[in-house]
Amino acid sequence: MEATQQVIFKLGEEEYGFDIMLVNAIETFTGIIPVPNSSEHILGIVNLRGDVIPVFSLRKKFGMPEVDLETSQLIVTRSNGVMVGFKVDAVKEIVGIEAQELSEMPRIVKNEKTTYAKCVANKGGQMIILLDHDGILNSEEQSAAQALINR
């Protein structure tokens, strides 16, 4: 594994990271338009500089209760070629992570529902799960996101 720059964000007490090279924007969480009968993880859509972007709840995806916080933010990235926004509790920082701070995900936690977990970083004693942008959405969620954009 190679050294990387990550956008570190929080969901509850846990910290996760997205590769900074794949993040298009970090936005305040406002202006979300709910879409009735959409996929359970989709909170709605947002118009971001002329682009209609589906917004996903990473809390719902990871089996956590949905909360509305003043610190909630939107991380905009591409997942399998589709521009999406992921609602997170708060973006904490952008950090460099050295190769020696990275470890493979333990085999026991790897399954079809955790394909988003790329590896684990140990940064100053804090465990951070680094996410695979393309592994977060399953094919059904990918199709639902594409359908929202093409309406």
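From the N terminus on, the elements of the protein chain follow the order β-β-β-β-β-α-β-β-β-β-β-β-α, where helices (H or I, at least four residues) and strands (E, at least two) are DSSP runs numbered from the N terminus. This amounts to 2 helices and 11 strands. The radius of gyration of the protein chain, taken over C-alpha atoms, is 15 Å, close to the 15 Å that the globule rule gives for 151 residues, so the chain is as compact as a globular protein of that length; the rule is 2.2 Å times the number of residues to the power 0.38. The model is predicted: local features need pLDDT of at least 70, side-chain atom pairs count only at pLDDT 80 or more, and totals for chains, interfaces and linings use all residues. Residues are numbered from 1 along each chain as its sequence is written, and side-chain values use heavy atoms, with hydrogens and water left out.

Along its principal axes, the C-alpha trace spans about 45 × 30 × 25 Å. Of the 151 residues, 45% count as buried, that is, under 20% relative accessible area, whereas exposed denotes over 50% and partly exposed the range in between (1.4 Å probe, protein chains only). Among contacts (heavy atoms within 4.5 Å) with a separation of 6 or more, 55% are accounted for by residues 24 or more positions apart.

An open sheet is formed by 5 strands in the order β3-β6-β7-β5-β4, with mixed pairing; two strands pair if DSSP finds at least two bridges between them. The twist averages 30° from one strand to the next, with axes being lines fitted to C-alpha atoms, for helices over the stretch in contact, and angles running from 0 to 180 degrees between N-to-C directions. Strands of a sheet pair through backbone hydrogen bonds, either parallel or antiparallel. Strand β5 (residues 51-57) pairs with strand β7 (residues 82-88) in the parallel sense over 3 bridges, and Phe 56 stands opposite Phe 86 in β7.

Most residues other than glycine have a negative phi. Arg 49, in the loop between β4 and β5, has a positive phi of about 50° although it is not a glycine. Arg 49 is exposed, with a relative accessible area of 63%. Asn 80, located in the loop between β6 (73-79) and β7, likewise is not a glycine but has a positive phi of about 55°. Asn 80 is partly exposed, at a relative accessible area of 42%.
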